[in-house]
Amino acid sequence: MRTSVSPWWLGILWFWLSAVAGAAEIGVAVDRNPVALNESFQITFTATEQPDGNPDLEPLRQDFEIVNQQRSSSASWVNGKSNRNEQWVLTAMAKRSGELTIPAIAFGADSSKPLALTVTEAAQPTAKDDELFLEVSATPEQPYVQAQVIYTLKLFRRVQITQASLAEPEIKDALVEKLGEDSTYSTQIKGVDYWVTERKYAIFPQQSGLFTIAPLVLNAEYISSRQQPRFNGFFNRPSTETRRVVSKAVTLNVRAAPAEFKGAWLSAESLELSEGWSDSSLQVKVGEPLTRTLTLKARGATVGQLPELFDKTPIDGIKTYPDQPLLHEDKQSDGLTASREEKIAFIPSKPGEYSLPALKIQWFNSKSQKIEVAALPAVKIKALAAAEVATPTASATESEPEQASPITATPIAVTSDSGVRLWQAVSAVLAMGWLLTVIGFVRSGRQRRQTRAASMAQSESALEKAIKRACWENNPQAAKQLLLQWGRAEFGADSLAGLASRCDQPLCDEINDLNRLLYAPGGQEWQGRDLWTAFSGQARRAAAPAPLGDGLEPLFKI
């Protein structure tokens, strides 16, 4: 009995055999075994046929860090037979030491085989003959709380680095600031030349106790001296290795502030307190501002540690207007220097002599380990009364109206013609006397108006001068108070908004801008030149003299 095989089953069998025969074989290899922890090595996957899909590298990431990956393919035709080669080259680093396994990697339906790998502990660079190593140091190692610690990192290398990444120092409860730019120089260790890259940080511990600065980690890719280029030729890419270099940890023993120190704690290497005045004579007229500039500079401190300089104790007879402080930090390679500048405008409301108390700041000198005091002596300023305006004395011919000489009529016996001529002469004399009286009265009124205008102009000039100074010194608080003083006198306005509504459009816009800035958060800087330009323009228009008439109704109305 003959058994027949269905063609349908033969087709399925042929398809399965073809699939098995066509499955890509994927090999796996490493460039060296064993490898050291924190050193990179290469894993190469090779396929002689096009695999079913791209590799799934996720299982590899459990024990290894993939630093870089490349793919290449090549095809050739030899003795009438085609050959194809696919390669995936991974640069990897082990996450731990011990006997590890490179797991099977799936390429779609295809897969590589697992590979055993031995990872040894990283050798410590105790001998200074390594190609790449880090050195770190901290000075001082027993600082006081909030005192500056200079943390220095040095990278020694005698290989060419193509790219690198370095972790920042981490320390709990501390401020860390990078200082200046990195410096590069050369040195010799045991007769071997090294290039050194140096970086510095300023660290300010915020609490006392033991603090540990965690080791820094450098991942560097460099041109390997142990491997030869993969291909010869002018456009060859040199072989590189990636290596992780770890520094040592540094422990700080941070001391608390001395018990004998009283007040707000301030530690610095040096401290300077100075002042300046807008007028060195320390004299000012009533209603005008006198500006004091206080500056505090501290080396080895942050701006957050610097205290306020303005003494808020009220002074009877003087209004004070502090400006927003100017804060600055200068980060040089030898340390951090912080500065604080405050401007205070003093505006006296009555004449007299006023005393400003002495300014004292206690601080701890971290170099000499001693408590010191920076001080400015007490200051006396003098407020002068506004100069009284002397009213000019008018001459008799200008101030007093001319009086017509009295004319006495004497009876004369005349004829009719002579009587007419005499009456005409008497009328002319009387008319001339009346005209001279009117001219004298007009001149006297004009002189009085001019005198009042001059007196008003002189009394306003002091206030306008104060407004100008506040605008030019960019002092918004002083400008506000002086504008309100001017607004009350001119319009009876008791607020900036009310004053702005009564001013010309340019000055209205500038006053509204000033009002918004005074109540805006963030302490924005104010530039007062535009406000002064608008104010002086309105003041000139208001002071322009109106055409002076004679003050009388016209003799003849048309």
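At the start of H4, which residue has a side-chain oxygen that reaches to the backbone nitrogen of Gln477? That residue is Asn475, and its oxygen comes within 3.4 Å of the nitrogen. The model is predicted.

**Helix H4**
- H4 runs over residues 476-491.
- Its 16 residues should span 22 Å at 1.5 Å a residue, and the end C-alpha atoms are 21 Å apart, so the two values agree.
- Buried residues in H4 include Pro476, Lys480, Leu483, Trp486 and Gly487.
- Gly492 follows H4 and has a positive phi, near 75 degrees.

**Nonpolar cores**
- The largest nonpolar core holds 35 residues.
- Among those with the most contacts inside this core are Leu271, Trp277, Phe346 and Ile381.
- Several strands each supply at least two of its residues, including E14 (192-205), E20 (270-277), E25 (335-348) and E29 (379-384).
- Ile381 is in contact with Trp277, Leu282, Leu290, Ile318, Phe346, Gly352, Glu353 and Tyr354, leaving aside neighbours within four places in sequence.
- A second, separate core has 30 residues, among them Ile347, Leu483, Trp486 and Leu499.
- Leu483 and Trp486 are also among the buried residues of H4.

**Ser267**
- Ser267 lies in strand E19, residues 267-268.
- Its relative accessibility is 1%, so Ser267 counts as buried; the cut-off for buried is under 20%.
- Ser267 touches Val145, Ala147, Gly300, Ala301, Gln305, Phe364 and Ser366, not counting residues up to four places away in sequence.

Note on methods:
Residues numbered from 1 in each chain as written. Predicted model: local features only at pLDDT ≥ 70, side-chain atom pairs only at ≥ 80, totals over all residues. Heavy atoms only, no water. Core = buried A, V, L, I, M, F, W, Y, C linked by side-chain atoms within 4.5 Å. Buried < 20%, exposed > 50% of the residue type's maximum accessible area, 1.4 Å probe, protein only. Helix = DSSP H or I, 4+ residues; strand = E, 2+ residues; numbered from the N terminus. Contact = heavy atoms within 4.5 Å. Expected span 1.5 Å × (residues − 1). Polar contact = N/O pair within 3.5 Å; in protein donor to acceptor, adjacent residues only side chain to side chain.
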